[in-house]
Amino acid sequence: MKFKNKLKTILGASLILTASACESYLDVNENPNNPQDAPISGLMTNITYETSLNVYREGSAVSNYVQYLASPNPSSGSDTMEPLNFSSLWFSLYNVMTDLNEMNLKAEESGAAHYLGAGQILMALNLGMTVDFFGDVPFSESFNFTTVTPAYDNDEMLYGEVLSLLDQGIANLNLESTSSIGADDFIYGGDIDAWKKLAYSLKARYLLHTKGTSTYNASDVLTAAANGFSSNADDATVTFFEQRFNPWASVAINNANLLLGGWISEQFIEALDGTSYPTVDPRLKLMVGTTDEGEFVGTVNGAGRGDAPEQGARSTLIEGQFYTSTQAPLLIATYAELKFIEAEAAFDSDQVAAYEAYLEGINAHMDMLSVDPDEKAAYLADPSVSMGADALTLDDIFKEKYVALFLHPETWNDARRFDYGYKNMTTPENLNPDLGGEYIRRLAYPDSEVSRNGNNVPSVTLLDRIWWDQ
């Protein structure tokens with residue numbers, strides 16, 4: 001589909017949704033030529049597009065916490081782990097889930113089993129992303145419009161809902177459907193087999209999150225992974241188009257125009273440039289920019305740029321690389337991630353399988369970035385990377401997954417599960433004193449929710465852990 005057609009579809013869906021939302025508040029002087037109900041295809045277009053943006057929004061919210069990025073300004077709240085206001089992120093997550101609830105109802109009523117299955121998978125993803133960042137959140141009372149102050153549901157219970165939705169989605173995708181998904185699906189273009197692989201891959205992701213709980217079962221993770229992605233071609237992505245830029249490209253372009261952002265953390269640079277680990281990673285030059293002198297120099301989280309100029313002396317995101325091209329894909333879930341999930345899940349029971357999955361995860365990410373074959377071979381030949389199955393550690397798996405999930409919000413879930421144990425990672429300078437020298441464990445509930453639904457908002461601190469982070 002050409003850009004103009006896509007844009008018209010998106011704008012049309014947005015206008016329809018706006019009209020529908022206003023109906024209960026203003027039902028007089030209606031224009032009979034304006035539709036009052038969103039078509040299922042328009043909802044699908046909006047949902048798949050906005051879901052990818054929710055992955056970006058979450059990644060942008062926490063990339064400083066995991067020290068992919070650093071602020072050029074000293075004591076920036078994003079670096080120092082202050083209780084920031086994430087009202088916009090909260091709205092975006094619930095906006096998509098509201099549309100999903102509507103689409104799923106329509107699909108169920110009309111027998112559109114494939115729309116329902118894909119919708120349930122996307123509901124699981126957006127709900128899972130919300131719970132992972134905030135803990136207890138409203139869900140059971142959020143979409144029936146019987147109250148404007150919905151109760152908060154327990155985060156562990158909601159994880160059961162996430163997994164149930166994925167299973168339901170798979171089941172519905174296996175049924176006959178009265179209508180077929182097509183170009184209105186920005187992720188897979190209606191490829192039902194690909195949707196099922198995504199569901200299993202997400203199931204492996206969310207089951208792995210429970211590793212520190214009594215409900216964890218590594219064999220369940222491996223079973224889900226075996227039915228998930230089988231190559232990079234299966235990755236769940238939304239590719240941007242001619243006049244609607246990838247948002248990370250916009251960050252890079254804005255920084256070049258002195259709207260500073262996308263500065264790279266010293267921690268990330270040193271994890272790849274031979275400082276923290278014995279070998280230089282050839283992916284570094286494909287992921288971030290150099291200084292004017294052609295060097296990779298990061299910014300210390302919490303310290304700002306010091307006396308460095310606004311351009312040329314620090315590494316930043318630059319336009320035109322894999323993650324920052326204007327038409328680059330936003331990565332929702334990838335084969336590389338799944339291989340590292342498999343490696344971690346197999347680690348305690350089958351070191352050989354874990355090692356093979358670990359190496360395949362590196363290969364997959366390098367192929368994604370189009371690393372030069374000779375440079376890839378040299379990196380993999382280094383004994384610090386290909387150490388053998390007996391010498392493989394969880395630290396090795398987490399380190400390579402950290403690189404492969406650059407800018408993805410899933411890394412913050414990993415960081416908390418790993419207790420921020422990445423080599424040479426330290427708390428930022430000027431850390432929020434309320435954290436007592438510890439790392440942040442959750443996001444604060446947004447100001448908009450506190451003011452609107454304050455009686456139901458749980459009382460928590462940034463150190464209170466969600467149910468799987470124990």
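Modeller: A salt bridge here is a side-chain nitrogen of Lys or Arg within 4 Å of a carboxyl oxygen of Asp or Glu. By this rule the count comes to 21 salt bridges. The model is predicted, so local features need pLDDT of at least 70 and side-chain atom pairs count only at pLDDT 80 or more, while totals for chains, interfaces and linings use all residues. Residues are numbered from 1 along each chain as its sequence is written, and side-chain values use heavy atoms, with hydrogens and water left out.

One of the salt bridges joins Arg-417 to Glu-344, with the closest N and O atoms 2.8 Å apart. Arg-417 belongs to helix α16 (residues 410-417) and Glu-344 to helix α12 (residues 335-346), so the pair ties together parts that are 73 residues apart in sequence. Helices (H or I, at least four residues) and strands (E, at least two) are DSSP runs, numbered from the N terminus. Glu-344 has 3% relative accessibility and therefore counts as buried; buried means under 20% relative accessible area, exposed over 50%, and partly exposed in between, with a 1.4 Å probe and protein chains only. Through shared partners, salt bridges join Lys-211, Glu-344, Lys-401, Asp-414 and Arg-417 into one network.

Lys-399 forms a salt bridge with Glu-400, the closest N and O atoms being 3.3 Å apart. Both Lys-399 and Glu-400 are buried. Lys-399 also lies over the face of Tyr-277, at 4.7 Å from the ring centre. Lys-423 lies over the face of Tyr-277 as well, at 5.2 Å from the ring centre. For this a charge must have NZ of Lys or CZ of Arg within 6 Å of the ring centre and within 35 degrees of the ring normal.

Lys-423 is also one of the contacts of Ser-276, together with Glu-270, Ala-271 and Asn-424, leaving aside neighbours within four places in sequence; contact means heavy atoms within 4.5 Å. Ser-276 is found in the loop between α10 (266-272) and α11 (284-287), and at 3% relative accessibility Ser-276 counts as buried.

Now the aromatic rings. Rings of Phe, Tyr and Trp (its six-membered ring) pair if their centres lie within 6.5 Å; planes under 30 degrees apart count as stacked, over 60 as edge-to-face and the rest as tilted. A search of the whole structure finds 27 aromatic pairs. Tyr-68 and Tyr-402 form a stacked pair, 4.8 Å centre to centre with 25° between the planes. This pair links distant parts of the chain, 334 residues apart: Tyr-68 is in the loop between α2 (40-62) and α3 (77-80), and Tyr-402 is in helix α15 (residues 394-404). Both Tyr-68 and Tyr-402 are buried. The rings of Phe-418 and Tyr-422 have centres 5.3 Å apart and planes at 70°, so this pair is edge-to-face. Phe-418 is buried, with a relative accessible area of 15%, and Tyr-422 is buried at 5%.

Leaving aside its neighbours within four places in sequence, Phe-268 is in contact with Gln-67, Tyr-68, Leu-284, Met-287, Val-288, Tyr-402 and Phe-406.
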